[in-house]
Amino acid sequence: MKKILTIDKVKKIYHDTSGEIVAIDNISLDIYDKELVAIVGPSGCGKTSLLSILSNLEEKSAGKITFHKENIRMGYMLQKDALFPWRTILDNCLIGLEISHTLNEKTKQRVIDLLNTYGLGEFIYKYPNSLSGGMRQRVALIRTLAIDPDILLLDEPFSALDSMTRLSLSDDVYQIIKNEGKTAILVTHDLSEAISMSDRVVVLSKRPAAVKKVYDIHLTDKSTPIQNRKCKEFNYYYDQIWRDLDVHL
Amino acid sequence: MSTYSEEHKQFLRKRRKNKIFVHFFQIAIIVFFLAIWEISAQRGWINTFLSSSPSKVVDTFCSLWQQNDLLNHIWITVYETLISFSIALIIGFLVASILWWNKTIAKIVDPYLTVMNSLPKVALGPLIIIWVGANTNSIIFMALLISTFITIINIYSGFNSTDSYYIRLLQTLNAKKYQIFYKLIVPSNKNTIVNCLKINISMSLIGVIMGELLVSKEGLGYLIMYGSQVFNINLVITSVVILGIVSYVMYYIISCIEKKMIKNSS
């Protein structure tokens, strides 16, 4: 498989008047083309910081990030949908194109097609307040896909949803990512979600974050995330990762 | 509409009844007040030289109307108010934008804004007359002093309280600062700005009347001042009543605009 991204000894320190906090100590990781990598770790361990650094929202304190492709585009999907209430669903999805000045008939049609393909066709001229939480999050994913990113960064995209919506949406999102042939990095604190959706699970240590262990997920009869939970290896991974996380209250 | 259930009809009837009740008392209060005033005046319970009476107010209104300069006085006041209202809005929006853009400038000017906003501007009246001159300009200047600072503060705090999560979203899409401003900050603060119009129109009118009381040859504030100087209480009260109506009409127009804008956005 082809490497798309190399994270090499990345470090992140936050400063404020009361002192400094080392959020990320040393993370090195290779991401391969079209794979779905889940990153799990104790809460507050710096998972979001890592995504912020990857998407250039924050500066890293040390280390190197190498993209193995020219002009790589990152798509960042946030925890909450953050749809603008004064824009229609379509206009919400077009905002990324407007900002990068790449909105034209062709790119617009692509977004409309995406919305149609993923069951949002009848809502394109509706406003976000008429959609349910799961639908809104799906729109948020389409908004992320609209700029045609090479790598999707998913920052706990389901955590604001109720557990049933969450399950069915993780199935949908998985399908969408695979259909569109995207590379994705999924940050989550839900172990089942991580194991059932991803090709690899990266376990981070407590803050300051470092890579503790990496699991290649091999499931017999691998299919959709919901089905994957029934695979016989599922519990084994769950147990292992749970031990690695070493959660004590 | 006979498809509605009996319960729903009853609900509608109750709603209508309540509405009529409210309107009835709104009118009843003013009628009752005017009647008591008029009767007290006619029976000689109160001194009409000091407190006037509704019929005298009507007489004064008619004679002012016939002298043909009432409309002019009203227009002068409305004109001055609209001018300072518009200028205050433009300055307020621009300054608030600059402060949003540059947090350091905002921090520097913060104490000055607070002082200027809380200072009773009427205290500057004599200075304004000396600096700007005894003319319409100083009236508009006075109104601006009163309405501009509150406009700046309101719009700026609206800008600042924009959901930071929305800003983060735009940052993930690599938005530049100016894009965040016109794609997010301005549209998400439409309601703040419309609310500001409502405060601004009242403040401008207060400022204009204050200015007219200090220095003027025309306008409703002038009529009030003139009336009090020649001890013509009829004229004073008539002018105050007209002023009340004018301010209500201006406020009403603004709230119609507000309703229209909010309707468009939802």
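From the N terminus on, chain B runs α-α-α-α-α-α-α-α-α-α-α-α. That makes 12 helices and 0 strands. Helices (H or I, at least four residues) and strands (E, at least two) are DSSP runs, numbered from the N terminus. This is a predicted model: local features need pLDDT of at least 70, side-chain atom pairs count only at pLDDT 80 or more, and totals for chains, interfaces and linings use all residues. Residues are numbered from 1 along each chain as its sequence is written, while chains are lettered from A and ligands numbered from 1 in the order in which they are written.

**Overall dimensions**

- The C-alpha trace of chain B spans about 75 × 70 × 30 Å along its principal axes.
- Chain B has a radius of gyration of 24 Å, whereas a compact globule of 266 residues would have one near 18 Å.
- That radius is taken over C-alpha atoms, and the globule rule is 2.2 Å times the number of residues to the power 0.38.

**Packing**

- Of the 266 residues in chain B, 29% are buried (20 or more other C-beta atoms within 10 Å of the residue's own, with C-beta atoms placed from the backbone).
- Among contacts in chain B with a separation of 6 or more, 72% join residues 24 or more positions apart.
- Two residues are in contact if their C-beta atoms, placed from the backbone, lie within 7 Å.

**Side facing chain A**

- Chain B puts 14 residues in contact with 12 residues of chain A.
- Helix 8 (164-172) and helix 9 (177-188) of chain B each supply at least two residues of this side.
- Helix 8 of chain B gives the largest share, 7 residues.

Conventions: A residue is buried if 20 or more other C-beta atoms lie within 10 Å of its own, exposed if 12 or fewer, and partly exposed in between; C-beta atoms are placed from the backbone.
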